[in-house]
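Dear colleague,

I am handing over a structure that you have not worked with before, and below it you will find a short account of what was found in it. Please read the account with the structure open beside you.

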Amino acid sequence: MTDPVELDLPVDGGTLRVLRFGTGPRTAVAAHGLSASAMSFRAVARQLPGDWSLFALDLRGRGGSDATPGRCGMDTHAADICAAAERWGAGAPVALTGHSMGAYIALRAAARRPELFGRLLLIDGGLPFHPPADIDPDDMLDATLGPAIARLSMTYETDEAYVDYFRAHPGLGPYWSDDIEAYVRYDLTGPAGARRSRAQEAAVMHDGRELLTSAAAFEQDLADLTPPAHLLYAPRGLMDTEPGMNPEPMVTLWTSRVPLLTAEPVPDCNHYTILMGTPAKVVADRLAA
């Protein structure tokens with residue numbers, strides 16, 4: 001696989017960076033996770049058949065779109081995904097996928113503009129969940145994603161220091177690969193001696209709060225689905241421990257409620273490696289099915 005081609009997508013208020021992997025006529029559009037980037041889909045793109053092109057967006061406030069103005073939020077990101085499908089879909093429904101937060105964005109896009117999408121692949125995300133009512137969303141974000149959010153305000157002397165930070169992560173370090181390293185290095189910006197993540201803390205916090213407080217809206221998105229949707233989910237979570245982000249009872253509940261939703265566990269992976277590890281082949285196979 002050659003390096004992705006960097007493209008610009010005009011959207012409301014500015015432009016987004018999009019990475020195009022592949023040159024085939026069949027089109028897939030992808031949305032990444034909360035503090036991630038389009039480069040998280042590198043491993044999946046390499047496993048797609050040669051007749052596919054994968055257009056992965058850097059969402060507002062992340063990656064090459066870190067300076068794109070305008071409000072974040074699921075509605076805005078979903079509208080941006082739809083703009084990508086309209087631009088590169090050649091008038092035909094495209095395959096749509098999203099990982100983690102990106103799964104919720106993809107769900108929203110498919111529910112709002114079903115004519116643009118032939119099918120929807122959710123990767124370890126997209127199912128509504130109700131946090132305890134007495135827990136503040138910011139406290140829950142800190143409890144679940146504290147280290148990931150903290151790094152957004154940190155600086156690093158060298159690129160290697162930033163890479164070493166990720167190598168020490170229990171969900172990534174033991175499974176290190178060229179794909180994970182490319183993902184980490186793509187995220188870097190800033191001057192020598194003060195290198196930092198391109199993900200903007202304000203954007204991450206805004207979207208994280210919305211994820212934790214929008215269960216009813218995501219339930220409505222599932223109810224409004226007309227393209228078929230398939231969920232791939234990991235048995236282990238962010239820190240490579242069980243349970244995963246989508247426990248079996250929650251998966252069973254939503255597949256029983258939503259006729260167009262099917263689900264499949266992907267063995268021996270965590271929330272990150274389902275996308276950037278060996279299971280990327282499963283993701284690519286299901287996306288191209």
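**The largest pocket**

Helix H4 supplies eight residues to the lining of the largest pocket, which is the largest share of that lining. Please keep in mind that this is a predicted model. The pocket holds about 1100 Å³ of space, and its lining is made up of 46 residues, with Ser100, Leu145, Leu238, Met245 and His271 lying nearest the centre. Besides helix H4 (137-150), the elements that give two or more residues to this lining are helix H3 (101-112), helix H5 (159-167), helix H7 (201-213) and helix H10 (273-276). By residue class, the lining of the largest pocket divides into 30 nonpolar, 14 polar and two charged residues.

**The sheet and the helix that packs on it**

The chain also forms an open sheet of eight strands with mixed pairing, in the order S1-S2-S4-S3-S5-S6-S9-S10. Strand S1 (5-11) and strand S10 (261-265) stand at the edges and have a single partner strand each, so that one side of each is left without a neighbour in the sheet. From one strand to the next, the twist averages 25°.

**The annotated domain**

An unreviewed UniProt entry places the feature "domain: AB hydrolase-1" at residues 32-157.

**Two details of the backbone**

Most residues other than glycine have a negative phi, and most peptide bonds are trans. With that in mind, two places may be worth a look. Aspartate 124, although not a glycine, has a positive phi of about 50°, and this aspartate 124 lies in the loop between S6 and H4. Glutamate 242 and proline 243 are joined by a cis peptide bond, with omega about 0°, and proline 243 has its place in the loop between strand S9 (229-233) and helix H9 (248-257).

With kind regards

Definitions and conventions: Residues are numbered from 1 along each chain as its sequence is written. This is a predicted model: local features need pLDDT of at least 70, side-chain atom pairs count only at pLDDT 80 or more; totals for chains, interfaces and linings use all residues. Side-chain values use heavy atoms; hydrogens and water are left out. On a 1 Å grid over the protein atoms alone, a cavity is a set of points where a 1.4 Å probe fits but cannot get out, and a pocket is an open set with protein on both sides within 12 Å along at least five of seven lines; lining residues have an atom within 4 Å of a point. Grid points are joined across faces, edges and corners, and a volume is the space filled by probe spheres set on the points. Helices (H or I, at least four residues) and strands (E, at least two) are DSSP runs, numbered from the N terminus. Ala, Val, Leu, Ile, Met, Phe, Trp, Tyr, Cys and Pro count as nonpolar, Asp, Glu, Lys and Arg as charged, and the others, Gly among them, as polar. UniProt positions are given in the numbering used here, feature names are shortened, and annotations may be inferred rather than shown by experiment. Two strands pair if DSSP finds at least two bridges between them. Axes are lines fitted to C-alpha atoms, for helices over the stretch in contact, and angles run from 0 to 180 degrees between N-to-C directions.
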